[in-house]
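The sequence and the model are shown first, and the description follows.

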Amino acid sequence: MNGILQWGYSVALCAVIITMVEAMLPEGSSKQYAKVGLGLVLLQQMMMPLMDLLHSL
């Protein structure tokens, strides 16, 4: 249970940081690419427990 709670906190913190970074990005086409990259970072953070499980096998 503690591991799930820690995972939830880390995903929430990552989402907050990504939201702040997105708010600071200038408008334009580069913002779209940055949002894709930041979305991939969030996806990676969410998938981290699964990746740890696969590495332990």
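In this predicted model, helices α1 and α2 run roughly antiparallel to each other. The reason lies in the packing angle, which is about 175°; angles over 145 degrees count as roughly antiparallel, so the pair falls in that class. Helix α1 covers residues 2-24 and helix α2 covers residues 29-56. Their axes are 9 Å apart. The protein has 2 helices and 0 strands.

**The contact between the helices**

From α1, the residues that meet α2 are Trp-7, Ser-10, Val-11, Cys-14, Ala-15, Ile-18, Val-21 and Glu-22. Their counterparts in α2 are Lys-31, Lys-35, Leu-38, Val-41, Leu-42, Gln-45, Met-46 and Pro-49.

Apart from neighbours within four places in sequence, Lys-31 is in contact with Glu-22, Leu-25 and Pro-26. Lys-31 also forms a salt bridge with Glu-27, in which the closest N and O atoms are 3.3 Å apart. The count for the protein comes to 1 salt bridge.

Glu-27 counts as exposed, because its relative accessibility is 68% and the limit for exposed is over 50%.

**Met-20**

Met-20 lies in helix α1. With a relative accessibility of 48%, Met-20 counts as partly exposed. Met-20 and Met-1 are 19 residues apart in sequence, and their C-alpha atoms are 29 Å apart in space.

| Residue | Relative accessibility | Class |
|---|---|---|
| Met-20 | 48% | partly exposed |

**Overall dimensions and surface**

The radius of gyration of the protein is 14 Å, whereas a compact globule of 57 residues would have one near 10 Å. Along the principal axes, the C-alpha atoms fill a box of roughly 45 × 20 × 5 Å. Of the 57 residues, 9% count as buried. The protein exposes about 4,700 Å², and carbon and sulfur atoms supply 73% of that area.

Key: Residues are numbered from 1 along each chain as its sequence is written. This is a predicted model: local features need pLDDT of at least 70, side-chain atom pairs count only at pLDDT 80 or more; totals for chains, interfaces and linings use all residues. Side-chain values use heavy atoms; hydrogens and water are left out. Helices (H or I, at least four residues) and strands (E, at least two) are DSSP runs, numbered from the N terminus. The radius of gyration is taken over C-alpha atoms; the globule rule is 2.2 Å times the number of residues to the power 0.38. Buried means under 20% relative accessible area, exposed over 50%, partly exposed in between (1.4 Å probe, protein chains only). Accessible areas come from the Shrake-Rupley method with a 1.4 Å probe; for residues, only the protein chains shown count as cover. A salt bridge is a side-chain nitrogen of Lys or Arg within 4 Å of a carboxyl oxygen of Asp or Glu. Axes are lines fitted to C-alpha atoms, for helices over the stretch in contact, and angles run from 0 to 180 degrees between N-to-C directions. Angles under 35 degrees count as roughly parallel, over 145 as roughly antiparallel, 65 to 115 as roughly perpendicular and the rest as oblique. Contact means heavy atoms within 4.5 Å.
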